[in-house]
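Please read the numbered points alongside the display.

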Amino acid sequence: MKEAVNSAPGSAVKILDATWRDLRDLYTLEKACFEQDSWSLWDVLGVLTFPEIIRLKADLDDQLVGFIAGDLRQSQHSAWIATFGVLPAFRRQGIGSRLLKTCESRLTVSSLRLSVRASNQPAIQLYQEHGYSQVNTWPHYYRGNEDALIFEKHL
């Protein structure tokens, strides 16, 4: 497995390419990070196997503690973050920032978009810190009728 980025000084977390072998761990992460909106097992398998998806995991001592998937849409010169999460016990340690930066560095498109629950202030702050701006709102997108905020960054 190819390491995408060297570990930060003092950190044992590595950013690695994810594969179908991470299916069980990613499914567990989805359930832990997105209680209401977690993907089905089939969706997780798809994100780990479909072409044109950049799949990265944050690994700590052979434990998957974070994941991001960038869905390339070359015909539109853009990409979407399909899913992005860090296990609650490992948040606020820079893991999400490292996953996001590494994913962005692998993209060969001019813009990147993502959706986030309107109530997810920690994620919104992370995206804004990384240069994302809100460009749209999708009303009642998430379960519970919560709006999705659409953010974009020009790469």
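1. The model is predicted. A first point concerns Arg-55, which is buried yet has no salt bridge. The nearest side chain of opposite charge belongs to Asp-17 and is 7.8 Å away, whereas a salt bridge requires the charged atoms to be within 4 Å.

2. The side chain of Arg-55 does have backbone oxygens beside its polar atoms. One such atom lies 3.0 Å from the backbone oxygen of Val-47, and the backbone oxygen of Phe-50 lies 2.8 Å from a polar atom of this side chain.

3. Arg-55 belongs to strand β3, which spans residues 53–60. Leaving aside neighbours within four places in sequence, the residues in contact with Arg-55 include Leu-16, Asp-17, Ala-18, Phe-67 and Ile-68.

4. Helix α1 (residues 23–33) has Leu-26, Leu-29, Glu-30 and Cys-33 buried. Seen down the helix axis, the buried residues of α1 fall within an arc of 105 degrees, so they line one face of the helix. They pack against α2 (41–49), β4 (63–73) and β5 (78–86).

5. The structure contains six aromatic pairs. In one of these, Phe-84 and Tyr-127 are tilted, with 6.2 Å from centre to centre and 40 degrees between the planes. This pair links distant parts of the chain, since Phe-84 is in strand β5 and Tyr-127 is in helix α4 (residues 121–129), 43 residues apart. Phe-84 counts as buried because its relative accessibility is 12%, and Tyr-127 counts as buried at 7%.

6. Finally, Trp-80, Trp-138, Tyr-141 and Tyr-142 together form one aromatic cluster.

Terms used. Residues numbered from 1 in each chain as written. Predicted model: local features only at pLDDT ≥ 70, side-chain atom pairs only at ≥ 80, totals over all residues. Heavy atoms only, no water. Helix = DSSP H or I, 4+ residues; strand = E, 2+ residues; numbered from the N terminus. Buried < 20%, exposed > 50% of the residue type's maximum accessible area, 1.4 Å probe, protein only. Lys, Arg positive; Asp, Glu negative; His and termini not counted. Polar contact = N/O pair within 3.5 Å; in protein donor to acceptor, adjacent residues only side chain to side chain. Contact = heavy atoms within 4.5 Å. Arc of directions from axis to C-beta. Phe/Tyr/Trp six-rings, centres within 6.5 Å; stacked < 30°, edge-to-face > 60°.
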